[in-house]
Amino acid sequence: MSLPAPYLDALNPEQRCAVEHGVGAAACPPLLVIAGAGSGKTNTLAHRVAHLVLNGADPYRILLMTFSRRAANEMTQRVERIARKVMGDRAGALTGGLNWAGTFHGIGARLMREHAERIGLDPAFTIHDREDSADLMNLVRHDLGFSKTESRFPTKGTCLSIYSRCVNAGQALDQVLGANYPWCAGWASELKQLFAAYVDAKQRHNVLDYDDLLLYWAQTMSEPDLAEEIGGRFDHVLVDEYQDTNALQAQVLLGLKPDGHGLTVVGDDAQAIYSFRAATVRNILDFPKAFSPPARLITLDRNYRSTQAILGAANAVIDLARERFTKNLWTDRAAGSPPQLVGVRDEADQARYIVERVLEHRESGITLKQQAVLFRTSSHSAPLELELTRRNIPFVKFGGLKFLDAAHVKDMLALLRFVQNPRDRVAGFRVLLLMQGVGPASAQKVLDAIGSTADPLAALADLPPPPRAGDWRSFVDAVGELRSGAAGWPMEIERAVAWYAPHLDRIHEDAETRRADLVQLAQIASGYPSRERFLTELTLDPPDATSDQAGVPMLDEDYLILSTIHSAKGQEWKSVFVLNVVDGCMPSDLGTGTSAEIEEERRLLYVAMTRAKDDLHLVVPQRFFTHGQNAMGDRHVYASRSRFIPDRLLSAFERVSWPKASATPGYPTRKAPPVDIGARMRRMWQ
Ligand SMILES: Nc1ncnc2c1ncn2[C@@H]1O[C@H](COP(=O)(O)OP(=O)(O)OP(=O)(O)O)[C@@H](O)[C@H]1O
């Protein structure tokens, strides 16, 4: 019997069933919650965790896995707010124990480090992000002589993608090549050799890549003793966004709780948008049958977010999907005005239209933060970013170039990583090359010389400097001090910056601006208890916002949200604009290969539309910039409305064109310019 719980009164009956399932019972059978967009999934999961804890579950024995660290933090804060309603200030002590909340990769890294010795890993391992992994793949590819083959061997990026898909989907190389990379099928035996050498290099360098975190975890769970030990640490395992997990993640989950007891997974197959990372909706569909008796299924189909008109249009779009399991959503919110399908001339007008509407909304009391502009690909927002900067409208962009991708930030992190794990060759290489007079050959020699010793950093101190290396001593001293931990964490970042600063000044003209990022890095570092946690967490879940050149808006300032649709997952705004709702962008040119890919693009549009509460604008430029044309093309093509909104769906939208016809008498047709200056320029070279 669970305790009376007034905090559950606001939940609807299905949400409540999901929250109360198995709480207080001797055993808690597996539960699958299929939660449509805006149906209160996050809310429900947070209530479930709070309800468990308030009814005696040990928070230290709850594992909560979400799609991003941000989502995990939000979830634990929500749990605390709910618990506070019941326990007041004492709630903090209870929910503070929820320290196993994070992403699959983050939790995997922690568990693998804790069990490192048992599974033959050195616990000082560092983690490679995608770029580092591609660099290492490249090194190995080069060593094997594949970069000099007569016909072109797949690039490092393609090799890494193929490897990653084999690992995450649990598929054989031939199968992956046949289905996803047919143009590389002729290289099967070389790729096999390459991947074997790549795995070998990772092990010698004591690094794990993203995929390893899941792979090592899944392999660990196949050892009965370890599986029992790790699974036995948790009474409850809850997973959010289950539709975007892959085969390895499902294997890990079933390894943790083979009988399903204590397992709760929540997801929505209509919002599955990560198949390019080998995520599979089968995980959701097969979940109930993985247990005997099958898992309980609860469906949340009441949408609390959007007006009827917006929900109607979104339902109509997803209704055309070939295969679907979630039912149509319903709402008792007012009808509201229909979403607008806005025809504009080109991307410049698209940007102007959005700015005009956004400012109009702000005048009527909707802050910038309650408005978002969503797009399929990060580069699509470039013209809008220009217009916003010109008009002095602050914005924050999610899903674009990451803070951590900046060269100088990567340099600093490479130094810290090298100190943490001197066998990490990619990091060592990067750091050594920063020094004047150290080229690839001497860097290689240094790394070879120290790599085979028991204490590489001690060996570094004894090594004669490379012949032309400038200021070698200060490098060796800095590394030695950092390694000793004398400055303490996070103060050692200042020591690292002190060594790096002269190199930054020499390498980058805009060193001054870049220094500001290093200050920010030091600030971020102060939020972590140790160098190891800082490096791990930052690599796994980097801060994903970059802000406009006009400067980072302060947190309490108002700013417009710009986001890729992928990064908009799980969020909501009063007013939403979707850019480039045209074929070629949505579906993306890159995603029109197979019908499964097209279906995923349809779900992306659905995810974008269901982020809107009151007001939705889908913008359709008639011409848009495109890549990959020949030099004579003007790099613009005439576009047509996205195939996901065929004529028969138009009644769900209000169609407008902008600017109004009176302001611009029709769209000008493209005539030959009166003076063809371009032709003269071309003739100059004939
Ligand atoms: N029982 C309820 N009563 C009133 N409002 C609710 C209820 N449950 C959820 N909501 C509201 O519905 C909105 C959507 O909730 P939430 O963000 O949890 O949805 P979600 O299912 O995670 O959405 P999505 O999958 O689309 O990201 C929020 O504004 C939330 O406050």
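Predicted model: local features only at pLDDT ≥ 70, side-chain atom pairs only at ≥ 80, totals over all residues.

User: Are helices α14 and α25 roughly parallel or roughly antiparallel?

Analyst: Helix α14 (residues 308-319) packs with helix α25 (residues 595-609) at an angle of about 170°, the axes being 9 Å apart. Because angles over 145 degrees fall in that class, the orientation of α14 to α25 is roughly antiparallel.

User: Which residues make the contact of α14 with α25, and how do they divide by class?

Analyst: On the side of α14 the contact is made by Ile 310, Ala 313, Ala 314, Val 317 and Ile 318, while α25 brings Arg 602, Leu 605, Tyr 606 and Met 609. Sorted by class, the residues of this contact of α14 with α25 come to 8 nonpolar, no polar and 1 charged.

User: What is the handedness of the crossing of α17 and α24, and what is the make-up of their contact by class?

Analyst: Helix α17 (residues 407-420) and helix α24 (residues 531-540) pack with their axes 11 Å apart and at an angle of about 125°, and α17 and α24 are therefore oblique to each other. Their crossing is left-handed. Leu 413, Leu 416, Arg 417 and Gln 420 of α17 meet Arg 531, Glu 532 and Leu 535 of α24. By class, the contact of α17 with α24 contains 3 nonpolar, 1 polar and 3 charged residues.

User: How do α18 and α19 cross, left-handed or right-handed?

Analyst: Helix α18 (residues 425-433) packs with helix α19 (residues 440-451) at an angle of about 135°, with axes 9 Å apart, and the two helices are therefore oblique to each other. Arg 425, Gly 428, Phe 429, Leu 432 and Leu 433 in α18 meet Ala 443, Val 446 and Leu 447 in α19, and the residues of this contact of α18 with α19 divide into 6 nonpolar, 1 polar and 1 charged. The crossing in which α18 passes α19 is right-handed.

User: Why do the buried residues of α16 line one face of the helix, and which elements do they pack against?

Analyst: In helix α16 (residues 382-390), the buried residues are Pro 383, Leu 384 and Leu 388. Viewed down the axis of α16, these buried residues fall within an arc of 135°, so they line one face of the helix. The elements that the buried residues of α16 pack against are α15 (347-363), β10 (371-375), β11 (395-398) and β13 (560-564).

User: Is Ser 161 buried or exposed?

Analyst: Ser 161 is found in helix α7 (residues 156-169). Because a residue with 20 or more other C-beta atoms within 10 Å of its own counts as buried, and Ser 161 has 21 of them within 10 Å, Ser 161 is buried.

User: In which loops are Pro 490 and Pro 587 found?

Analyst: Most peptide bonds are trans. The bond from Trp 489 to Pro 490, however, is cis, with omega near 5°, and a cis peptide bond with omega of about 10° joins Met 586 and Pro 587. Pro 490 is found in the loop between α21 (472-484) and α22 (492-507), whereas Pro 587 lies in the loop between β14 (573-578) and α25.

User: How do Asn 206 and Asn 580 count, buried or partly exposed?

Analyst: Asn 206, in the loop between α9 (188-205) and β5 (207-209), has a positive phi of about 60° although it is not a glycine. Asn 580, in the loop between β14 and α25, has a positive phi near 50°. With 18 other C-beta atoms within 10 Å, Asn 206 is partly exposed, whereas Asn 580, with 24 C-beta neighbours inside 10 Å, counts as buried.

Methods. Residues numbered from 1 in each chain as written. Axes fitted to C-alpha atoms, helices over the stretch in contact; angles between N-to-C directions. Helix = DSSP H or I, 4+ residues; strand = E, 2+ residues; numbered from the N terminus. Parallel < 35°, antiparallel > 145°, perpendicular 65-115°, else oblique. Left-handed = near helix turned anticlockwise from the far one by under 90°. Contact = placed C-beta atoms within 7 Å. Nonpolar A, V, L, I, M, F, W, Y, C, P; charged D, E, K, R; others polar. Buried ≥ 20, exposed ≤ 12 C-beta atoms within 10 Å, placed from the backbone. Arc of directions from axis to C-beta.
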